[in-house]
Amino acid sequence: MPPRRTGGTEKRETSRFTRNARTRSGSPERILGLRGYGRVLALGAHPDDIELGCGGSLILAGKAGAEVHAAVLSRCEDEVPETPGRRADEFLQASRITGAEAHVFDIPNRAFPEHRHRMMGILEQLQDEVRPDLVFIPFLEDPHQDHEMV
């Protein structure tokens with residue numbers, strides 16, 4: 001929030017979340033209910049879906065002691081044909097920032113319905129390897145066909 005001038009001095013306004021976090025004498029990860037999960041998995045269709053959708057929650061889950069994983073099902077190499085791998089590389093960088101172990105798969109972008117069986121195999125593999133206690137998924141009413149398939 002921008003500073004507010006009061007009588008020649010600047011005061012930084014705090015958000016309601018920050019005030020509540022202080023007054024409840026709990027950390028943000030406790031208030032959001034992220035304590036107690038041993039393994040957290042975030043699923044996304046494309047690179048950038050996870051960090052935009054729940055990146056902050058992944059950071060807090062890691063601070064609360066969880067082992068954090070992030071998996072995207074498409075590399076989206078068709079979106080930047082002159083630099084293949086760019087979107088996946090950006091996802092790997094974002095995963096380092098959020099503290100998540102990254103998993104990148106290569107289902108073709110905008111072709112998820114045709115690869116439903118393969119997607120199920122990937123999800124079963126992640127379930128067996130990660131054994132998550134909490135899973136973040138795309139918004140259930142997201143109109144994008146790839147997000148809906150995940």
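I began with helix α5 (residues 116-130), which lies across β3, β4 and β5 and runs at about 165° to β3. My angles, from 0 to 180 degrees, are taken between N-to-C directions of axes fitted to C-alpha atoms, for helices over the stretch in contact. Contact means heavy atoms within 4.5 Å. Helices (H or I, at least four residues) and strands (E, at least two) are DSSP runs, numbered from the N terminus.

The model is predicted: local features need pLDDT of at least 70, side-chain atom pairs count only at pLDDT 80 or more, and totals for chains, interfaces and linings use all residues. Residues are numbered from 1 along each chain as its sequence is written, and side-chain values use heavy atoms, without hydrogens and water.

Next I looked up the sheet. It is open, has four strands in the order β5-β4-β3-β6, and pairs them in parallel. Why is one side of β5 (101-104) and of β6 left without a neighbour in the sheet? Each stands at an edge and has a single partner strand. From one strand to the next, the twist averages 20°.

I then checked β3 (residues 39-44). It pairs with β6 in the parallel sense over three bridges; pairing needs at least two DSSP bridges between strands. Leu41 has Val135 of β6 as its bridge partner. Helix α3 (residues 49-63) packs on the sheet and touches β3, β4 (67-72) and β6. Its direction makes about 175° with that of β3.

Last, I found Ile137 in the loop between β6 (134-136) and α6 (145-149). Buried or exposed? Ile137 is partly exposed, at 48% relative accessible area (buried is under 20%, exposed over 50%, partly exposed in between; 1.4 Å probe, protein chains only).
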